[in-house]
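Here are a few friendly notes to read alongside the structure.

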Amino acid sequence: MLKDKYADRIEKIFAKYADKRSAVMSLLYLAQEEYGYVTEDACAEIAALIGTDPTQVRSIAGFYTMFREEPKGRYWLQVCTDLPCALRGADKFYEELLQELGIEDGGTTPDGMFTVEHVMCLAACDRAPMLQCNFHYHEHLDMDTMRALIAQWRAEAGVLAEAAAVGDAPAE
Amino acid sequence: MNVIRGFATTLKYLFQQPATIQYPDEERPPRERYKGRHALKRYDNGLEKCIGCSLCAAACPADAIWVEAAENTDEERYSPGERYAKTYEINMLRCIFCGYCEDACPTEAIVLEHEHRLSFTNRRDAIYTKAELLDPPPAGLEGTPRQTEPGVYTRSIPEMKNPA
Amino acid sequence: MTTTVTIHIDGVPYAVPDGMNLVDAARIYAGVEIPIFCYHPKMKPVGMCRMCLVDLGFEVRDRATGELALNPDGTPQVRWGRKLETGCTTTVRAGMYVRTRTEQVQEARRDVLEFLLSSHPLDCPVCDKGGECPLQNLTMRHGPGTSRMAYDDKLHLDKHVPLGDLIYLDRERCIQCARCVRFQDEVVGDDVLAFHERGRRLQIITTSTPGFDTYFSGNTTDICPVGALTTADFRFGARPWELTNVPSISPHGPVGENIALSMRLDRDSGGVQVIKRVIPRQNEDVNEIWISDKTRFGHHFTLSPDRLREALARKRGELTPVALDDALKAAAKALKEAGNSVGFIGGPMTSNEDFFALRELAAHVGSRKLGLWPATLGDAAPAAEVGIASGSRLTELGKGDAVLVVASDLEEEAPIWFLQAKQAADRGAALIVANLRETKLDRYASRTVRYGLGGAVGFLDGAASDETLAQAANLVVFVGNEGLGADEHGVLLRAAANLLITTGHAGRRNNGLIPVWPGANTQGGFDLGFESAATRAMLQSAPDVLIVVGADVAETPAGAAALDAAKFVIALSLFPDATTAKADVVLPIQSFAERDGTFTNAMRRVQRFYTAQGPVGESLPAWQVIGLLGQRLGMDRPRRSAALVMKALAESVKLYAGMSYPALAEAAVQTPPIGISPGFYGGTAAAPTGGTGLQWPSKAESRAKLSVTPVEAPQAVHAGAGELVIVPLRRLYDRAPEFFASAVMHGRIPQPFVALHPSDAARLGAVDGGRVKLSAGGASLDVTAVVDATAPEGLALLPQRLAPGAFPQEPVAGRVEPVAEAVAAD
């Protein structure tokens, strides 16, 4: 339960807002951090905390693209393919990226490493093709830089996995 | 003079094929657009075309058609969409064979075929039920209802060609 | 009063109230229909669908002089907006000019419709809404003939999503107007619907348990402007043009919701007319355009296979089917022998005509024992004195007004009043909820009062000194009988009357007392001289012959005992039940759907219902059965129609003077008109054909002098050692045959249970979900224990009519003992 585990943080979050309901976004981030994605139970927990119906919390989680509603890969790649980006080759880049990883649109690699999906505008049209990986922007991409990034992430994940295996995973 | 012309006509027809046909023994093929008894059609896969929308009944000027609809399930499927005709009846005593039902049908399920031998000995028999109207399934295919795989038939009306 | 301003719509000046919504003003005052999808006059405008775009302009005034600037031809100059504006989010004000027919506006409408249809599946032939669909209608009227979008590019979403067991969602058909979401949030307060995702994929979701958890879910299917929401009950039941809407009145509860029964022939029922669905019928004085799910889905009892179809009489101790004549003969014989020792008990669905026939029969045999069921109600005289004034509308209560709810769980007992009380609170009225336990209305209350058992009278007696109530511009008091004995209920009603009189609220419009009676025609019974107290007297000492009409008297131990004590029992009933099992003659009667009649709701509005379906079996209307019985006792033969019964009733009962069927059939003008025939606001509510009913004035309205009668609370029930006070509650969804016949509702009807406070449960050793045995007054019930922290300590809250078996209907001291589970949990 978030309520027990993060009592201090929840209190701090509530302190920031005049109305408890306003804290819903911060609590959703907290739930996502804890469970990896916004679970059905997390919605119910948050609803109980802010005094509303779970449906309303689920609605907010569904509206914003930064909340995941199902388990995703360790690296969550969101590629903007809106019109301005597409004009700069983002859709072609997206196709190639999918091919490179061998997955479908919105799919996750079998090793659980990457989830790739196309999204609406990320407000970096002048630096397209671009993508957002776990809320960090990577801009002016082409397949060469992309392959380098993938290799880098794979290596990082390997380090993390090894560290986890010896029992002291660095905090993410 | 006229008498001779008259006899000549008679004489001429004596050597021609008679126009009369011996109906019960012989039959003339109906014209392509002849409107006879209705038939409820099936798709090639054997599922019924009728979706029980009742538009034929609404279009019918003689109020001869009665339709009641129900919902398909994958366990018991009649038509590809969500809805099928649970009851489909046409009162042939009322029907005027105008073909409006055919025009109104959104899935081309009802067609006025060439069957014209309609006779009944009581009024109740004049009401053709769905079982009587429905075409048999194509050869070798199972009829309806039948069990289908979940997730195959998910549209409310089966996909049709672009009407544009 | 609001001031009137002049606005010009399409060049014509109209006088409209200042600040009114432009769409409403155009519709009501100018007869101009600005097309809409998302706007609904019962909810706040949101401007989501953009269908109501109009060209808006204002007259130009000279800044220096304030004079109107004029064109050379003398007409005022108008500065038109650069773009179109949404009519639904605009309120009218002086000097406004509106154009609704320009090419620009028409093009905007075409474009909006083309856009809405770009993802619409166009499956109108199978859609339940097809034929009464605002999207269809407005597309025909304003839409483009063709679409530039490729048909094959339509976005496909799930078509069969159950939102709970009552409502299905078709995600493709949804046009994202949010009417359902807003209804649940603004009108009901159960915000269990919401939007998920965004853009084209925006869709309605619910995650409540059970899904779409509310008593009002069916209304969303009415207001849905497309076929996205459909009811499980009606799904594919009929095409709208095949239905005949017969005006009727809900037989469930005291509100008297105006409804229309959509009738159609049905092959499975043997080719007879059946009720395919129930839709609301607009009556702004009663239920506006809302009905509860109980009313909407609780109609299946009318054609239930369990209905009594033939008369029964006791032969050699066994009830056997007999001809109606023989049954009547046996009943008449018993009546003749009994002389004037005859008692009459009428139940909650008994119509005014039936009560009147009973009254005539009673007069003929010389009996004055006119009883009303249930036997737990106090005297209704306070309601006749200071009952809510004629013409009052709960929808008009707002800032400065007060609504007081005492001893009633309005959501369970009268759901429509729950909505109206909640919305009055939303508009700023002070809502005070007093009860011995927490109820859902507490959420919206400005103040909640919690009293102990027997404390209701004390609270209400002291309420006159409460400033909120005393100084309220208008005051409406709802009085129920939850947790009250019959005497206490009577005293509480009197205390409410005292409050209204001392605070000077009695007799004024939008003020007064609303008794939350248990039945659809409890008020009518009181009006015709039937009393709950008379029933109690009959239960004490049973008359020789007891005539019971539509009342399951055997549902209480005292009632069952009285039936045994009476020498002869004549039961007129819809269903075989515990009462008919004890009867000597059982006569089948017709339900509200099979006959004409009138119900009087708890706001004293007499309303007509009409014959919709054919009779079941040999059943007759109760008034006719009673008339036939009377004929055998030497009375005139029964009147030929319900209209003639009502005519006689109106002539002999002063309160009902002038209430003939033609007078009751007159429909008051509804503003705004939302019913189907005007069809403008979209949705399936029927127009008020068939009459909106007539209210008889309370005594206070006739300026009669009213006096305060001091009240004293009767002794409350006390639990002895090891006992709890078992308090019966009324729940909306119960297992009474009139509701349980609707199989579609079974998932929502709880298992028989009793709610216990955690400390009581711990003391008694009852666990949550475990079985307990309740015993009181010689009766016992086996139910599930629910440990509920909101239950008051020392009380066991027992919803009525869930468990089979007789049990007292008043608070009673009794034992609650856990039952050892016979079967091991596996």
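1. Helices (H or I, at least four residues) and strands (E, at least two) are DSSP runs, numbered from the N terminus.

2. A word on conventions: this is a predicted model, where local features need pLDDT of at least 70 and side-chain atom pairs count only at pLDDT 80 or more, while totals for chains, interfaces and linings use all residues. Residues are numbered from 1 along each chain as its sequence is written, and chains are lettered from A and ligands numbered from 1 in the order written.

3. Which residues bring helix 7 of chain C and helix 19 of chain C together? Leu328(C), Lys329(C), Ala331(C) and Ala332(C) in helix 7 meet Leu628(C), Leu629(C) and Arg632(C) in helix 19; contact means C-beta atoms, placed from the backbone, within 7 Å. Five of these residues are nonpolar, none polar and two charged. Nonpolar covers Ala, Val, Leu, Ile, Met, Phe, Trp, Tyr, Cys and Pro, charged covers Asp, Glu, Lys and Arg, and the others, Gly among them, are polar.

4. Two pairs of chains are in contact, and chains B and C share the most contacts. That interface takes 14 residues from chain C and 20 residues from chain B, and the chain C side has six nonpolar, one polar and seven charged residues.

5. Chain C also meets chain A, with 12 residues of chain C in contact with 10 residues of chain A. Strand 9 (residues 194–196) of chain C gives the largest share of the chain C side, three residues. Chain A and chain B do not touch, and their nearest C-alpha atoms are 20 Å apart.

6. Chain B is worth a look by itself. Its four helices and five strands follow the pattern α-β-α-β-β-α-β-β-α along the sequence. The C-alpha atoms of chain B fill a box of roughly 85 × 35 × 35 Å along the principal axes.
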